[in-house]
Amino acid sequence: MAAAAPRVSPRFFRRAQAHGFCVPDIPADVRAKCVAGTSTRVLDGRFVADALVAQCGALVAQKKGQGGRVPKLVVVLAGEDPASAVYVGNKEKMFAKAGFESETLKIASCDTTLEGLLSVVGELNARADVDGILVQLPLPAGIPAHVVLAAIDPRKDVDGFLKENMGLLALGDFSGALPCTPFGIMVLLAAHGIPLESKRAVVVGRSNIVGKPMSLLLLGEDSTVTVAHSRTTDLAALTREADIVIAAAGRPLLLGKEHVKAGAVVVDVGMHRKSDGKLCGDVDATFETGVAGKASALTPVPGGVGPMTIAMLLVNTAAAAWSKPLS
């Protein structure tokens, strides 16, 4: 019997594939999981992220056996933002689980200056053992984030935010680091078998971190893309035309049942804490007033996009490490 042809990755995943990664396969029982009492499939980000972490561990062992390097990320955490501290802690745990190295440089708000941060970034640029640099946002008041981010060596830009990497993406070139959240969404959709070619997609949100790169990645997979935002007139009329809705506006429960057509795929990027302490996203995920039971598939909050963002940070860091010669 002839050997099966190797699975070809989507265009946006080719850089990762070149370093040994593949889009994870989703078992039938995971694909069949639905929101309780409905036929709306759950797009499980934790499962896909865990599969990528496992790939990282296997690839690290393989590369070490061949004399390769263990990827290393350094996070610069300036200030005392509680959400940032939790997020960085989650990154550290996932990096350790993957067998990668990570280091966090903590700087108190009272000690944070623009000159000091630029000096730290310069030192990290020069360190041969550092493959990725991540400056955690937001920075303390008065510190221009764009100036600090621009100082990062583009080869160590594992967030994919710099103009060099964003420019490649805008040109349809996926050879640079891709922004982690949109990258993670694309992998999540691919893993769950969601087709994108010729589909109508609406991205709600136009940020440089999610909305804009998300639209470019969807265009790269031949979707027909519309970007909506806070000044869009009659948002519901627009999103109801979409086969795929990406909610990344940063506004809790912005989209409800009236915003989607039957059978749409809904990806919720938002993460908010309500007055009762419970988490919610930009999408109302309930059956009564929300998209559950109407959408064909939905990302949960938490457990959807969040784990994928960190998983793609791992992939970007690995690609940065394994793309350069040994020191």
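The model is predicted, so local features are taken only where pLDDT is at least 70 and side-chain atom pairs only at pLDDT 80 or more, while totals for chains, interfaces and linings use all residues. Residues are numbered from 1 along each chain as its sequence is written, and side-chain values use heavy atoms, with hydrogens and water left out.

Rings of Phe, Tyr and Trp (its six-membered ring) are paired if their centres lie within 6.5 Å; planes under 30 degrees apart are stacked, over 60 edge-to-face, and the rest tilted. Helices (H or I, at least four residues) and strands (E, at least two) are DSSP runs, numbered from the N terminus.

Phe183 also pairs with Phe13, in a tilted arrangement at 6.2 Å centre to centre and 55 degrees between the planes. Buried here means under 20% relative accessible area, exposed over 50%, and partly exposed in between (1.4 Å probe, protein chains only). Phe12 is buried at 2%, Phe183 at 3% and Phe13 at 0%.

Elsewhere, ring pairs link Phe21, Phe95, Phe100 and Trp322 into a cluster. Lys63 lies over the face of Trp322, at 4.9 Å from the ring centre; a charge sits over a ring if NZ of Lys or CZ of Arg is within 6 Å of the ring centre and within 35 degrees of the ring normal. Lys257 is likewise placed over the face of Phe287, at 5.3 Å.

What volume does the largest pocket have? It is about 1500 Å³, the space filled by probe spheres set on grid points joined across faces, edges and corners. On a 1 Å grid over the protein atoms alone, a pocket is an open set of points with protein on both sides within 12 Å along at least five of seven lines, where a 1.4 Å probe fits; lining residues have an atom within 4 Å of a point. Of its 48 lining residues, Tyr87, Val269, Met271, Gly306 and Thr309 are the closest to the centre. Helix H4 (82-98) supplies the largest share of the lining, nine residues.
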